[in-house]
Amino acid sequence: MRPRNVWQALASPRYLLSSWPWRSAGYLLSGALTGILVLVVITLGVVLGGVLSIVAVGLPLLALTALCGIPVGAMERGRLRLIDRFPTPDPHRRPAEPGLWSWLTYRYREQATWRELGYALLLAVVLWPLDALALTACAAVPLSLMSTPAVMQLYGNGEEARVVKQWTVTSWPEAFATAAAGLVLLALGCWVLGLLAGAQAELTRLLIGHPRNELGDRVTELTRSRVRLVDAFEAERRRIERDLHDGAQQRIVALTMTLGLARLDAPPGPLADQLAKAHHEAGQALAELRELIHGIHPKVLADYGLEAAVSDAADRSSTPVDLDLALPDRFPEAVEAAAYFVVCEALANIARHSGASRAEVTGGHAAGRLFLEIRDDGRGGARTGGGGTGLTGLADRVSVLDGRLALSSPPGGPTLLRVEIPCVPCLPCERTDHSV
């Protein structure tokens, strides 16, 4: 598996042979250079702003210096790509109104602006010296040790060489031993650089990434948008069912009646036989269309609620079904539709695959949750991820409503399917009427 960040790369035995040590060193080196630049900019801004404040010109300069964390944050999110292949999202939001003044006032009110300013100060005062020190200790010193034989040959006439200006090497065996020690230290230094780069990246992401409350707001909005999509999907199903019921079905009924009358008026012969065949095909098409309409959104579910719809599904099942339901009058439309189609899919699977002689559907509402259980005495072995069961899509649909679908089906049976959906019963007048 290709590592996505330096932490995953460090866990690989091929870390030293990969590009991640170079990426870690590049991250720390660019951090040291960026920190020096940020230190110069902040120092100039504060000094000039303080000096010029006596003539009221320095105050705007100081105010703009407070915004220097914004470009620093953008640059740091770009630098994080060196050791993390997945980008860090920008925590800033777009102002509601265009214009420079709106942008400035919005940025000054954002928490992300001040967190980025804090990170810029931390980078300028603390982080860049640490990066420079780490690169010196983990890379520069080992490379200097590894170059001892070359230094001894080029500058010491093969007689001596100064090693990091601390001691003198006077023989070739000692020079090569020093180079070997430098190679070992460089390998260890690559691991240390990866650890330091990963730790600094986590700190950077904590300060300039999304705070938890903003992420929570976005997750909440995503959850609400999923529920809105489900509601819109159910409304569209209702519209399609209504159009088919009031449009195509009525036309086929009229066609069937016309063919039936023509069949009665036609004299015996080939024409009458053709009309009889057409009348039969029209009747078959009408029956299939009614099944299709019922599958899209059964009218009994819309008019009488979940309990009546489940009872109707049990009556139409080829496997005998025992019912034990204690449900309130009505639930939200999305909840009723999801629960109903779970029951229908379960009963269809029982009839097709289980070999069961009997099934049972029980349900109720307790502790703010609707629950339904479908049991059968079949051969078992069903799986939600198995091909042809159709339960995986239903489980996804239930999860959108913060519900859960559980399946227990050991080989030899019995099979138990349980669905739970958090909801509150509602009165018919509280439900949204999509038929208008």
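Leu48 is partly exposed, with a relative accessible area of 45% (partly exposed lies between buried, under 20%, and exposed, over 50%, using a 1.4 Å probe and protein chains only). The model is predicted, so local features need pLDDT of at least 70 and side-chain atom pairs pLDDT 80 or more, while totals for chains, interfaces and linings use all residues. Residues are numbered from 1 along each chain as its sequence is written, and side-chain values use heavy atoms, without hydrogens and water.

- Leu48 is found in helix α2 (residues 20-52); helices (H or I, at least four residues) and strands (E, at least two) are DSSP runs, numbered from the N terminus.

**Sheet**
- Five strands form an open sheet of mixed pairing, in the order β3-β4-β5-β7-β6.
- β3 (321-326) and β6 (404-408) are at the edges with a single partner strand each, so one side of each lacks a neighbour in the sheet.
- β3 pairs with β4 (residues 359-366) in the parallel sense over six bridges; pairing requires at least two DSSP bridges.
- Leu325 stands opposite Gly363 in β4.

**Helix α5**
- Ser102, Leu104 and Arg107 are buried in α5 (residues 100-109).
- The buried residues of α5 pack against α4 (69-79) and α6 (111-146), where contact means heavy atoms within 4.5 Å.
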